[in-house]
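Here's a quick look at some side-chain pairings and a helix packing. Have the viewer open as you read.

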Amino acid sequence: MSLKNVSIRIEEEMLQKLNCIANYEGRSLNSQILILIRNSIETFENDNGNIKDSINLSFNAKPRKQKKS
């Protein structure tokens, strides 16, 4: 598996808070972000089934699924 770089725009306050959480957990900021991404993928797949290797672009454009109350 090859590693890829991703650049994001993030508000400074949010970045500082995320860094604080990473430090508390004993992780680097990069590792903390990877944990959040993995958790998000796991949650999505638990709710919707496994994501296939290729993702339909029209699927990505759909609005966020509404949670039932």
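R27 and E25 pair up through their side chains in a salt bridge, with 3.8 Å from N to O. (For a salt bridge, a side-chain nitrogen of Lys or Arg has to sit within 4 Å of a carboxyl oxygen of Asp or Glu.) R27 is partly exposed at 30% relative accessibility, and E25 is partly exposed too, with a relative accessible area of 42%. On this scale buried is under 20% relative accessible area, exposed is over 50% and partly exposed lies in between, using a 1.4 Å probe and protein chains only.

The model is predicted: local features need pLDDT of at least 70, side-chain atom pairs count only at pLDDT 80 or more, and totals for chains, interfaces and linings use all residues. Numbering runs from 1 along each chain as its sequence is written, and side-chain values use heavy atoms, leaving out hydrogens and water.

Searching the whole structure turns up 2 salt bridges:

| Pair | N to O distance |
|---|---|
| R27 and E25 | 3.8 Å |
| E13 and K17 | 3.2 Å |

E13 and K17 are 4 residues apart in helix 1, so about one helical turn separates them. Helices here are DSSP runs (H or I, at least four residues), numbered from the N terminus.

Now the packing. The axes of helix 1 (residues 12-25) and helix 2 (residues 29-48) come within 9 Å and cross at roughly 95°. Axes are lines fitted to C-alpha atoms over the stretch in contact, with angles from 0 to 180 degrees between N-to-C directions. Helix 1 and helix 2 are therefore roughly perpendicular (65 to 115 degrees). Contact, meaning heavy atoms within 4.5 Å, involves residues including L15 and E25 of helix 1 and L29 and L36 of helix 2.

Notes. Helix = DSSP H or I, 4+ residues; strand = E, 2+ residues; numbered from the N terminus. Parallel < 35°, antiparallel > 145°, perpendicular 65-115°, else oblique.
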